[in-house]
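This report concerns the structure shown below.

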Amino acid sequence: MLNKGAVQLSEPVRLTSMAKAAGCAAKLSPKLLDSVLRGLPRQSDANVLVGFETSDDAGVYRISPDIALVQTTDFFTPIVDDPNLFGQIAAANALSDIYAMGGRPISALSLVGFPERGDPSTLDQIMRGGLAKMSEAGCFVIGGHSIRDDDLKFGYAVTGLIHPDKIWRNVGAQPGDVLIFTKPLGTGVIATALKKGHDSQESISAATNSMTRLNRAGAEALAELDANANGSAQNKSIHAVTDVTGFSLLGHAREMALGNPAAQISPVSFEIDHASIETLPGALECAREGNISMGLNNNRDFIGDCVAFAENVPEEYRLLMFDPQTSGGLLAAIAPNAAQTAMDSLAKHGVAARQIGRVLEKRAPLISVR
């Protein structure tokens, strides 16, 4: 899948062989990150509408009564072997944080780590792929920064715009809400199998198609629900949204369920139906065969105590729910009376979403999977 006018590679390059971990599985352990972030001093500025206190998808800074900046950054190691597709996936993944906040991406800065003796045509293809995906999103790449690095890395710092009254947070889910998820699970185990040479072309293609698909359509479909809310929080149907990436479906669900007591957003509990979750072709087989990344183990180690599985939940589904996702779907908590409207809107926008669970009053365990 090379863009017209692209430089052709002189010989195939297995990008995944150039990385110890693939895609968002290369993220730091959530336990380590959480311990560091909790100890940092808090800055104070009334215009900071969303900071890092709730591990939200992006930060938001108000610059006028009607405009706020949404800012995020994301970069990682190769998750596929094709350089152009790797660039597309890295761009879609970085843009996803803007969409998860309800924002519109406008500009981006590229972040590159590339081996000093690497083939320039490989970097050319990576950047062309990223640029094509940014152009699809209507987001302009206006610069960037690069360093020499033995481990190939690529991504973007992205800026978007949003109205201060229309921000989606990853907290605020309410008892009775329906949990909707917009993409299938399994990119992590498939990428791990690819590194080992154990993957099928069908599963690689399906995972690639999922990872290169922007979350823009899902965000636009959900935004239609609140189009007539007139800025009133009481009338809004979307109570919380996040995108599911390196910390897994259960890891990001945990962040949503914890709430934010400092902002008077109460914690809740989630109940997830494993049979309602769509999985990528071959993902269950990859999990059964033990294609488990360090990122998956880190996620399970950090949040396992928050989750209780019913006895009938197969082990491969348990693994997939801890699996680091790259450019994963949007997870949204929607008011029950608007859930079907949300599903209809998503379908109209070409998004094959699933209702995967519900929000309950706070109880133990924080998340139950049946």
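How many cavities of 30 Å³ or more does the count come to?

**Basis of the model**

The model is predicted: local features need pLDDT of at least 70, side-chain atom pairs count only at pLDDT 80 or more, and totals for chains, interfaces and linings use all residues. Residues are numbered from 1 along each chain as its sequence is written, and side-chain values use heavy atoms, with hydrogens and water left out.

**Cavity**

The count comes to one cavity of 30 Å³ or more. A cavity is a set of points, on a 1 Å grid over the protein atoms alone, where a 1.4 Å probe fits but cannot get out. The largest cavity holds about 40 Å³ of space, a volume being the space filled by probe spheres set on the points, which are joined across faces, edges and corners.

The lining (residues with an atom within 4 Å of a point) includes Ile-79, Val-80, Thr-187, Leu-194 and Met-211. Two or more lining residues come from each of α4 (187-196) and α5 (201-212); helices are DSSP runs of H or I with at least four residues, strands runs of E with at least two, numbered from the N terminus. Eight lining residues are nonpolar, two are polar and none is charged. Here Ala, Val, Leu, Ile, Met, Phe, Trp, Tyr, Cys and Pro count as nonpolar, Asp, Glu, Lys and Arg as charged, and the others, Gly among them, as polar.

**Six-stranded sheet**

Six strands form an open, mixed sheet in the order β1-β2-β3-β6-β4-β5; strands pair if DSSP finds at least two bridges between them. β1 (48-50) and β5 (140-148) are the edges, each with a single partner strand, so one side of each has no neighbour in the sheet. Strands β2 (residues 59-64) and β3 (residues 67-76) run antiparallel and are joined by five bridges, with Ser-64 partnered by Ile-67.

**Phe-154**

Phe-154 belongs to strand β6 (residues 153-162). Its relative accessibility is 1%, so Phe-154 counts as buried (under 20% relative accessible area, with a 1.4 Å probe and protein chains only). Beyond residues up to four places away in sequence, Phe-154 touches several residues, among them Phe-75, Phe-86, Val-112 and Met-127; contact means heavy atoms within 4.5 Å. Val-112 is 42 residues away along the chain, yet the two C-alpha atoms are 4.8 Å apart.

**Seven-stranded sheet**

A second open sheet, also with mixed pairing, has seven strands in the order β8-β11-β7-β12-β9-β13-β10. Four bridges join the antiparallel strands β7 (residues 178-181) and β11 (residues 330-334), where Leu-179 stands opposite Ala-333.

Technical notes:
1 Å grid on protein atoms, 1.4 Å probe; cavity = no way out; pocket = protein on both sides within 12 Å on 5 of 7 lines; lining within 4 Å. Buried < 20%, exposed > 50% of the residue type's maximum accessible area, 1.4 Å probe, protein only.
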